[in-house]
Amino acid sequence: MIELKGLTKAFGEVKAVDGVSFSARDGEITGLLGPNGAGKTTTLRMLYTLMKPDQGQVLVDGIDAAVDPIAVRKRLGVLPDARGLYKRLSSRENIEYFGRLQGMDEATIARRIDGLVKALDMGEIIDRRTDGFSQGQRVKTAIARALIHDPKNCILDEPTNGLDVMATRAMRDFLRHLKAEGRCVLFSSHIMQEVAALCDRIVVIAHGHVVADASPDALREQAGTTNLEDAFVKVIGSAEGLAA
Ligand SMILES: Nc1ncnc2c1ncn2[C@@H]1O[C@H](COP(=O)(O)OP(=O)(O)OP(=O)(O)O)[C@@H](O)[C@H]1O
């Protein structure tokens, strides 16, 4: 369970995030949707303790990130916007390294990697050096690395960015698999079809503000539109920056 309360962050004159509050529940997929520059990445960075908010509070499973950031990090699996793999290491070595940093023993790491290789269909790449990996192979490795410690809460910044149609479909299936395991899944996207296809709840963010927070059906109802695309355009106020 993730709760954000009144998060605010400015960079000089730019108010990137301005009083953002919403919750993401266990066993649900929550989509953070907004056009380019809306404040999605900045919101997620404050959530995963990479950046300190100017104001506001982050609670993960009830733990305040400002009070106990290490306990919060242990409960989060994060696919950051910069995937950042070690090029000289194989996919497996990248993942193992993170497992060790999480304090896991070697047998548990190996067992967990076996499960992730199956879930993410990584059999052919797991023992290859990541140098030269395609976008999709890099994202898979970064996700497996993020989830090695079996976190309850999964945060993914634009997980399908740069993926082809097949890889995108596989990623959606994987997010559904995380949900079925009862995890709290929160991902950002600027692609409305993505959130429409996957999410139980959609949080729409524009100019640093939450402008809608509802189920896809409720969002359509609120906006008085029959299709979600029209609803997004209506709540955001323009179609600018939203990929079709
Ligand atoms: N480190 C920074 N320094 C200065 N300005 C920043 C910084 N990080 C973000 N911003 C600004 O804050 C605003 C929100 O950016 P953010 O990256 O959070 O948006 P986003 O919704 O993730 O966009 P995108 O979909 O393009 O990734 C933008 O105007 C951006 O230029």
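Strand S4 (residues 55-60) and strand S5 pair in the antiparallel sense, over 2 bridges. Two strands count as paired if DSSP finds at least two bridges between them. Helices (H or I, at least four residues) and strands (E, at least two) are DSSP runs, numbered from the N terminus. Leucine 59 stands opposite aspartate 64 in S5.

This is a predicted model: local features need pLDDT of at least 70, side-chain atom pairs count only at pLDDT 80 or more, and totals for chains, interfaces and linings use all residues. Residues are numbered from 1 along each chain as its sequence is written.

## The four-stranded sheet

S4 and S5 belong to an open sheet of 4 strands. The order is S2-S1-S4-S5, with antiparallel pairing. S2 and S5 (63-64) are the edge strands, and each pairs on one side only.

The table lists strand pairs, from this sheet and from the second one described below.

| Strand pair | Sense | Bridges |
|---|---|---|
| S1 and S2 | antiparallel | 8 bridges |
| S1 and S4 | antiparallel | 5 bridges |
| S3 and S8 | parallel | 6 bridges |

Alanine 10 has lysine 15 in S2 as its bridge partner. Isoleucine 2 stands opposite valine 60 in S4. The hairpin of S1 and S2 has 2 residues between the strands. There, glycine 12 takes a positive phi near 60°.

## Helix H1

H1 lies across strand S1 (2-11), S2 and S4. Its direction is at about 120° to S1. Axes are lines fitted to C-alpha atoms, for helices over the stretch in contact, and angles run from 0 to 180 degrees between N-to-C directions.

How much of H1 is buried? The helix is mostly covered, with 7 of its 8 residues buried. A residue is buried if 20 or more other C-beta atoms lie within 10 Å of its own, exposed if 12 or fewer, and partly exposed in between; C-beta atoms are placed from the backbone. The buried residues are Lys40, Thr42, Thr43, Leu44, Arg45, Met46 and Leu47. Just after H1, threonine 49 takes a positive phi of about 70°.

Threonine 49 is also one of the contacts of valine 72. Leaving aside neighbours within four places in sequence, valine 72 is in contact with Thr49, Val60, Ile63 and Ala65. Two residues are in contact if their C-beta atoms, placed from the backbone, lie within 7 Å. Valine 72 sits in helix H2 (residues 69-74). Valine 72 counts as buried because it has 22 C-beta neighbours inside 10 Å.

## Around the ligand

Which residues surround the ligand? They are Phe11, Val14, Ala16, Gly34, Asn36, Gly37, Ala38, Gly39, Lys40, Thr41, Thr42 and His190. A residue is near a molecule or strand if its C-beta atom, placed from the backbone, lies within 6 Å of it. S2 (14-24) and H1 (40-47) each supply at least two residues of this shell. H1 gives the largest share, 3 residues.

The shell divides into 4 nonpolar, 7 polar and 1 charged. Ala, Val, Leu, Ile, Met, Phe, Trp, Tyr, Cys and Pro count as nonpolar, Asp, Glu, Lys and Arg as charged, and the others, Gly among them, as polar.

## The six-stranded sheet

A second open sheet has 6 strands in the order S6-S7-S8-S3-S9-S10, with mixed pairing. Strand S6 (76-79) and strand S10 (209-214) stand at the edges, each with a single partner strand, so one side of each has no neighbour in the sheet. Neighbouring strands are turned by 15° against each other on average, direction ignored.

Helix H5 (residues 135-147) packs on this sheet, touching S6 and strand S7 (153-157). The direction of H5 makes about 165° with that of S6. Helix H6 lies across S3, S7 and S8, running at about 150° to S8. Between S3 (residues 28-33) and S8 (residues 184-189), glycine 31 has phenylalanine 187 in S8 as its bridge partner.

## Two domains

The protein is divided into domain 1 (1-75 + 152-244) and domain 2 (85-150). These bounds come from an automatic or database domain assignment. Their centres, taken over C-alpha atoms, are separated by 25 Å. In contact are 10 residues of domain 1 and 8 residues of domain 2. On the domain 1 side, H6 (residues 165-180) gives the most, with 4 residues. That side divides into 6 nonpolar, 2 polar and 2 charged residues.
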